[in-house]
Amino acid sequence: MVFAPYGERWRQLRRVCVAHLLSPRRVLGFRAAREQEVAALLDGVRATAAEDGAAVVNLSELLIAYSNAVISRATFGDAGGHGGGGAKLRKVFGEFEELLGTVPMAEMVPWLWPVDVLTGLERKARRTADEIDRLIERIVADHRRRRRCGTRRARDGEDDGRDFVDVLLDLSEAGEEIDGVQLDTVTIKATILDMLVAGTDTTYTLLEWAMAELLNHPAQMRKLQDEIRTAVGGIVTEDDLPRLPYLKAVIKETLRLHPPGPLLLPRETLEDTELHGYHVPARTRVVINAWAIGRDPATWERAEEFMPERFAATDGDGEAAEYHKMGVDFRFLPFGAGRRGCPGVGFAVPSVELALASLLHHFDWEVPGGGRATRTKQTSVVDMSEANGLSVRLKTALLLVAKPWQPR
């Protein structure tokens, strides 16, 4: 679905994903899974800090495990229900993301395709594709095996707790085409992969950048922690999130400076177009630089600075702009816009907000060495160097000291 050309097939696959995984009803149904995985994330921080004599936590590893667990449970079912596939998928995600961000020589100059063979790019792509295919095939086969054992699957509309794979298999086994789209095994596996990659990488990357920016801006971190600790008595739940406006402002500012997909997804013109005096032929690939748009000094005051307060201001209706309104204002496009905009905003937001609020509520954070600067050219205590690819993440892992916080 993600890279499919616009047309009936794309529309129907998107409709299936939105209706059966990303709709408000389905997102609400995954609340217990999110809260359980956040609890596991906090336990992981406590356990790691206790085991390590220096009390240093590799937060990057814990965040990617959390992100993968949330989307895996929504897609595959309860933890452990996918036969260990989640852990193995995390292993190949790095290579997969790197390959998605690599331009093969054959795509630029077709007759130079042997270069991709000589450099090993072709072999690496085939190996990674085979590994992912085997893992997802095992997950689908496991679901089919359980279904043959007579486990009841309710019809659409019933609150049955079915995971996304079960929904896809229900639609496939009905034997009916969905407006011309047949959900065969290949289509099911490709759709699962879309959801896994999009749900894991973007959530993890956003949480990592948010923590890095807050560590580099202790005043904003203290302000956010004060908001959370004032509004929340014990454990952070999703009922507390609407009372945390500065948390939303921090996340939006992080999205402005560090959109998980800095170039969004590539588009293609359907017909010849004239744009600002330029002729753009039909079938031209169009790349939108959301990263540059979010840092444009002609649009944003102090564009390179981390200032969550800019999103705390209210709009014309007197209310802070919500996530679902992003994409209407073309100065700010972290989720894209239009028909190819990200349909998973509603799924991602509670996962990010709950995890970030919980980490800041239960722990005080600093870098090893008492927060001394690690770079000579600026005062940042966290190295903000970027690792390039389809998504842009921190080049080095977040190794932090976590100090449990207790209310006085």
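**Before you click**

This is a predicted model, where local features need pLDDT of at least 70 and side-chain atom pairs count only at pLDDT 80 or more, while totals for chains, interfaces and linings use all residues. Residues are numbered from 1 along each chain as its sequence is written, and side-chain values use heavy atoms, with hydrogens and water left out.

**Stop 1: the whole chain**

Show the cartoon. Now colour by accessibility: of the 408 residues, 47% count as buried. Buried means under 20% relative accessible area, exposed means over 50%, and partly exposed is in between (1.4 Å probe, protein chains only).

**Stop 2: rings around W300**

Select W300 and F311. How far apart are the ring centres of W300 and F311? They are 5.9 Å apart, and with the planes at 50° the pair is tilted. Rings of Phe, Tyr and Trp (its six-membered ring) pair if their centres lie within 6.5 Å; planes under 30 degrees apart are stacked, over 60 edge-to-face, and the rest tilted. Both residues lie in the loop between α13 (290–294) and α14 (345–362), so the pair ties together parts that are 11 residues apart in sequence.

Are these two buried or exposed? W300 is buried at 9% relative accessibility, and F311 is buried at 14%.

With W300 it makes an edge-to-face pair, 6.3 Å centre to centre and 75° between the planes. These partners are 32 residues apart, and F332 is buried too, at 6%. Together, W300, F311 and F332 form one aromatic cluster. The structure holds six aromatic pairs.

Next, show R256 and R331. R256 lies over the face of W300, 5.3 Å from the ring centre. The charged end of R331 also sits over the ring of W300, at 5.3 Å from its centre. To count, NZ of Lys or CZ of Arg must be within 6 Å of the ring centre and within 35 degrees of the ring normal.

**Stop 3: the largest core**

Which residues have the most contacts inside the largest nonpolar core? Select L59, I192, L356, L360 and W365; the core has 96 residues. Such a core is a set of buried Ala, Val, Leu, Ile, Met, Phe, Trp, Tyr and Cys residues joined through side-chain atoms within 4.5 Å. Helix α10 (residues 185–216) gives the largest share, 15 residues.

Zoom in on L360. Leaving out residues up to four places away in sequence, L360 touches several residues, including M211, L224, I228 and W365; contact means heavy atoms within 4.5 Å.

**Stop 4: strands meeting β9**

Select β9 (residues 399–404) with β1 (residues 56–58): they pair in the antiparallel sense over three bridges. Two strands pair if DSSP finds at least two bridges between them. Look for N58 opposite L399.

**Stop 5: two cysteines**

Finish with C17 and C342. C17 is buried at 1%, whereas C342 is partly exposed at 39%. How many disulfides does the whole structure have? A search finds zero, a disulfide being a pair of cysteine sulfur atoms within 2.5 Å.

Terms used. Helix = DSSP H or I, 4+ residues; strand = E, 2+ residues; numbered from the N terminus.
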